[in-house]
Amino acid sequence: MKRLNGVVVPIITPLTEEDKIDVESLERLTDYCIEGGLQSLYPCGTTGEMMYLTVEERKLVAETVVRKTAGRVPVFVHVGAWNQTDTIELAKHAAEIGADGIGVVTPAFYLLSDQGLIDYYVAIARSVPEDFPVYMYGIKQNAVNDLNKYVCEEVAKQCPNVIGVKYSYPDMTRLQELMTVKDGAFDVLVGPDHLFEAVYAVGGTGVVSGNAMCIREHYKVLWEALQREDYQEATRLQRRTNVLNAVMCEINNIAAYKVILKKEGVIRTTRMRRPMENLTKGQEENLLKRMEELDYRNIIL
């Protein structure tokens, strides 16, 4: 089974002015991330506006990214949806099209018990081949439901293909607890970018970063420094990305990513899937001005 490590990119979903999936821009974005030295792609995640896409649109995105990647890096498709039936349909589809694995966010909106979460993940994991890797995904600030060690341990015990978790709440205590699942043989990737170095240093396996699409060179060299265990350099690079990320995430990070990627010539429009909001013209201008003032393409400062 392939596993996630390093910089995993939850790519945005480019849209046309007619609010359709922009396949051509999505193909360019796929190449852009891979050629930038990033380790894995994660389409249809939170940054991909997944809950506002239809099941068929999500299948199109997954098919496009898997086809365009052509095995150059692992592609793990996020399949978590509003209900279990759609999630299983998307999970099976990901396996059928040749994705390397899937991620599954906790059910959203309604609060579930630990047993309810366990039952859900076991159902998803058993709907795909037993050697098809599954990562759990916790983002309690968006989804209400949270993941703890007990839930992850029980799911991993029943389903050996559940091999890790993406945890997107900035709680170092919880992150380190999750690293003890399966006696430490459970991958833990962090969502909050500012914790990348810290989580890796204590046993984490990587970061899932939307920011990395826009400042890919920074994340490439940060990951290389971490692999060398050059923590002095990694700290410098982490702090540099923190400053840039704070600007991109100040108002609406997904909309900001689209503005920057359009400026770089990767995508054609900045359209968001409604009810998601675009940045105003003034906000776009301010974002680009501040990023240029920070010399965002320059790694060494």
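These notebook entries record what I looked up in the structure.

**Ground rules.** I worked on a predicted model, where local features need pLDDT of at least 70, side-chain atom pairs count only at pLDDT 80 or more, and totals for chains, interfaces and linings use all residues. Residues are numbered from 1 along each chain as its sequence is written, and side-chain values use heavy atoms, with hydrogens and water left out.

**Asp-114.** I found Asp-114 in helix α4, residues 114–125 (helices are DSSP runs of H or I, at least four residues, numbered from the N terminus). Asp-114 counts as partly exposed because its relative accessibility is 32% (buried is under 20%, exposed over 50%, partly exposed in between, with a 1.4 Å probe and protein chains only). I set aside neighbours within four places in sequence; Asp-114 then contacts Asn-148, Tyr-150 and Val-151 (contact means heavy atoms within 4.5 Å).

**Core.** I looked up the largest nonpolar core and got 107 residues (a set of buried Ala, Val, Leu, Ile, Met, Phe, Trp, Tyr and Cys joined through side-chain atoms within 4.5 Å). Met-213 is among those with the most contacts inside it. Beyond four places in sequence, Met-213 touches residues including Val-9, Ile-11, Leu-29, Tyr-257 and Leu-261.

**Helix pair.** I checked α10 (residues 231–248) against α12 (residues 281–293): their axes come within 10 Å and cross at roughly 170° (axes are lines fitted to C-alpha atoms over the stretch in contact, with angles from 0 to 180 degrees between N-to-C directions). The two helices are therefore roughly antiparallel (over 145 degrees). Leu-244, Val-247 and Met-248 in α10 meet Leu-287, Arg-290 and Met-291 in α12.

Key. Parallel < 35°, antiparallel > 145°, perpendicular 65-115°, else oblique.
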